[in-house]
Amino acid sequence: MTEQQEQTAEDAMMTRIGQAVMLHHGGDREEAQDRFLGLWGEIGEDGDPLHRCTLAHYMADTQADPSDELAWDLRALSAADELTDERLNEHHQSLAVRGFYPSLHLNLAADYVKLGRPGAARSHLRRARGAVGALEDDGYGRGIRDAITRLEGEVGEGSEEE
């Protein structure tokens, strides 16, 4: 019974994160940010990696300042590094942690482009490109691959030290 209650609480957190995402997608960025911050306070820096990764990934999208966006995207990546497939499968059977990395690194690359750091952007684009094999050949996978290609074209060739 206790295990069932814990699972319900975990599902409830993912539902609450999803509700804030819907607010953001509906155009209410401020309310979404407020809710994300409240949820982050509940989850905490050492909370469930799935919750932290998911929340930070979406919180980054609500940021107007590229430095703040980068900070949240780095939190998402750090949480993904702590996440296990076992924990992820408790939430959804068809997901694997390795499938998160192409998107996470793509987001970081985009952050670094906004911050005028093309070398760091290229580094994360290489990591994103190296991880795309974990994605299916479906709409999501093609979308991530296309976005990587577009950003690679925008950033171009060069050294990581720029």
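In α3, residues P49, R52, C53, L55, A56, H57, M59 and A60 meet E69, W72, D73, R75, A76, A79, A80 and E82 of α4. Contact here means heavy atoms within 4.5 Å. By class, this contact divides into 10 nonpolar, 1 polar and 5 charged residues. Ala, Val, Leu, Ile, Met, Phe, Trp, Tyr, Cys and Pro count as nonpolar; Asp, Glu, Lys and Arg as charged; the others, Gly among them, as polar.

The model is predicted: local features need pLDDT of at least 70, side-chain atom pairs count only at pLDDT 80 or more, and totals for chains, interfaces and linings use all residues. Residues are numbered from 1 along each chain as its sequence is written, and side-chain values use heavy atoms, with hydrogens and water left out. Helices are DSSP runs (H or I, at least four residues), numbered from the N terminus.

The axes of α3 and α4 come within 8 Å and cross at roughly 155 degrees. Axes are lines fitted to C-alpha atoms, for helices over the stretch in contact, and angles run from 0 to 180 degrees between N-to-C directions. The two helices are therefore roughly antiparallel, a term for angles over 145 degrees.

Both α3 and α4 are among the elements that cover the buried residues of α6, as are α7 and α8. Helix α6 spans residues 101-114. Its 14 residues reach 20 Å from first C-alpha to last, close to the 20 Å expected at 1.5 Å a residue. That expected span is 1.5 Å times one less than the number of residues. Of the 14 residues in α6, 11 are buried, that is, under 20% relative accessible area (1.4 Å probe, protein chains only). Among them are Y101, H105, N107, D111 and Y112. Just after α6, G116 takes a positive phi of about 70 degrees.

How do α6 and α8 cross? Their axes come within 10 Å, at roughly 25 degrees. That makes α6 roughly parallel to α8, the term for angles under 35 degrees. P102, S103, L106, A109, A110 and V113 in α6 meet Y140, I144, A147, I148, L151, E154 and V155 in α8. This contact has 11 nonpolar, 1 polar and 1 charged residues.

M13 is buried, at 8% relative accessible area. Leaving out residues up to four places away in sequence, M13 touches L39, E42, I43 and H51. M13 and H51 are 38 residues apart in sequence, yet 7.3 Å apart in space, C-alpha to C-alpha.

Notes
Buried < 20%, exposed > 50% of the residue type's maximum accessible area, 1.4 Å probe, protein only. Parallel < 35°, antiparallel > 145°, perpendicular 65-115°, else oblique.
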